[in-house]
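Please open the model in a viewer and keep the selection tool at hand.

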Amino acid sequence: MMYRKILVPLDGSLRAETILPHVESLALRFDAEVVLLYVDAGSDLMLERDEVADVDSFLDRRRELIKKYHLYLQAIADKWHSAGITAEVRIARGAVVAGIINTAKQTSADLVAMASHGEGGEERTFYGSVAASVLNRIDRPLLLIRSRFLKPRAS
């Protein structure tokens, strides 16, 4: 089996990043392109009765969050470029599992590689259920690495 394109969903956590050394090794071995993905599940603007929303502020916060994750993924891509690995950054919106599966199809990924658990704090969480759901729905090879507990990153 040869992999030409590897999709790597990340949520910004150290646990999710445990997949990166495995992907780097595969990418170098097979001269594969890597697609780094963040899925913005968003947060609904839920209002209580008679509550008024500051929609502009809400949208500004969403844009800042997307920018943060784009820069995070781009830093990984830049590091890999210097090692000779072609990597691109993608941001998908919507449900996490659907975002992973749809991006795999859109990019013609030969392999999806992810950690089985992650922790992204309040904004984002990858649970084992995401990995299990991807496993049950994906139509291509899936590499799952079970991450061990790691101390959270200092903010």
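Residues are numbered from 1 along each chain as its sequence is written, and side-chain values use heavy atoms, with hydrogens and water left out.

**Confidence.** Colour the protein by pLDDT, the predictor's confidence in each residue, from 0 to 100. The mean is 85, and 79% of the residues reach 70 or more. Now select residues 118-127, where pLDDT stays under 50. Where pLDDT is low, the predicted coordinates should not be read in detail.

**Strand E1.** Helices (H or I, at least four residues) and strands (E, at least two) are DSSP runs, numbered from the N terminus. Select E1, residues 5-9, which has the highest mean pLDDT among the elements, 98. Is this strand enclosed or open? Because 5 of the 5 residues of E1 are buried, the strand is largely enclosed by the rest of the structure. Buried means under 20% relative accessible area, exposed over 50%, and partly exposed in between (1.4 Å probe, protein chains only). One side of E1 carries Lys-5, Leu-7 and Pro-9, and the other Ile-6 and Val-8.

**Its partners.** Ile-6 has Val-34 of E2 as its bridge partner.

Centre the view on Val-34, in strand E2, which counts as buried because its relative accessibility is 0%. Its contacts (heavy atoms within 4.5 Å), leaving aside neighbours within four places in sequence, include Val-23, Ala-27 and Trp-80. A nonpolar core is a set of buried Ala, Val, Leu, Ile, Met, Phe, Trp, Tyr and Cys residues joined through side-chain atoms within 4.5 Å. The largest has 29 residues, and Val-34 is one of those that touch the most other members. Helix H3 (55-82) is among the elements giving two or more residues to this core, and H3 gives the most, with 8. Apart from this core lies another, of 17 residues, including Ala-109 and Val-130.

**Ser-13.** Finish in the loop between E1 and helix H1 (14-17), at Ser-13. This residue counts as buried because its relative accessibility is 2%. A polar contact of 2.7 Å joins its side chain to that of Asp-11; such a contact is a pair of N or O atoms within 3.5 Å, and within protein one must be able to donate a hydrogen and the other to accept it, while residues adjacent in sequence count only if both atoms are side-chain atoms.

Note on methods:
Predicted model: local features only at pLDDT ≥ 70, side-chain atom pairs only at ≥ 80, totals over all residues. Pairing = 2+ DSSP bridges.
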